[in-house]
Amino acid sequence: MAQDEKVFGMAPSAGRWIFVLLGIVINMCMGAVYAYSVFKKPLEELFKVGSTQSNLPFMIFIAVFALFTFFAGRFIDKYGPRKVMIIGSIVVGIGWILTQFASSISMVILTYGIIAGAGVG
């Protein structure tokens, strides 16, 4: 890098550590899907469903996550990682917020499994 280049307004040797911290935050967000097990039992009681049905949102989330990872790679090549991560973050947030208003397990599947899963992917 040239001497006059900056990373987050800092010298490259200091600014590059911001990327390490951002990577940690991104991985924590991607791993947040595994917190679903905390909400599984309350969902079963709230919607009066069995274990198989209460696991469907998680299973669909993982499947959609894997599927959209392929598309995200294509979008990163075309638009760059910053835009794709911002859009993905917004989609995940929308999915999680909408899940709060879900009135059935089908709505949890749609909001958490499909929408949030697509955002993480």
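## Thr111 and its surroundings

The side chains of Thr111 and Thr99 make a polar contact at 2.9 Å; such a contact is a pair of N or O atoms within 3.5 Å, one able to donate a hydrogen and the other to accept it, and residues adjacent in sequence count only if both atoms are side-chain atoms. This is a predicted model, in which local features need pLDDT of at least 70 and side-chain atom pairs count only at pLDDT 80 or more, while totals for chains, interfaces and linings use all residues. Residues are numbered from 1 along each chain, and side-chain values use heavy atoms, without hydrogens and water.

Thr111 belongs to helix H5, residues 105-120; helices are DSSP runs of H or I with at least four residues, numbered from the N terminus. Thr111 counts as buried because its relative accessibility is 2%, the limit being under 20% with a 1.4 Å probe, protein chains only. Leaving aside residues up to four places away in sequence, Thr111 touches Gly95, Leu98, Thr99 and Ala116, where contact means heavy atoms within 4.5 Å.

## Packing of H3 and H4

Helix H3 (residues 51-79) packs with helix H4 (residues 81-100) at an angle of about 135°, and their axes are 7 Å apart. H3 contributes Ala72, Phe75, Ile76 and Tyr79 to the contact, and H4 contributes Pro81, Lys83 and Val84.

## The whole chain

The protein chain has 5 helices and 0 strands. Its C-alpha trace spans about 65 × 25 × 20 Å along the principal axes. Of the 121 residues, 27% are buried.

Note on methods. Axes fitted to C-alpha atoms, helices over the stretch in contact; angles between N-to-C directions. Helix = DSSP H or I, 4+ residues; strand = E, 2+ residues; numbered from the N terminus. Buried < 20%, exposed > 50% of the residue type's maximum accessible area, 1.4 Å probe, protein only.
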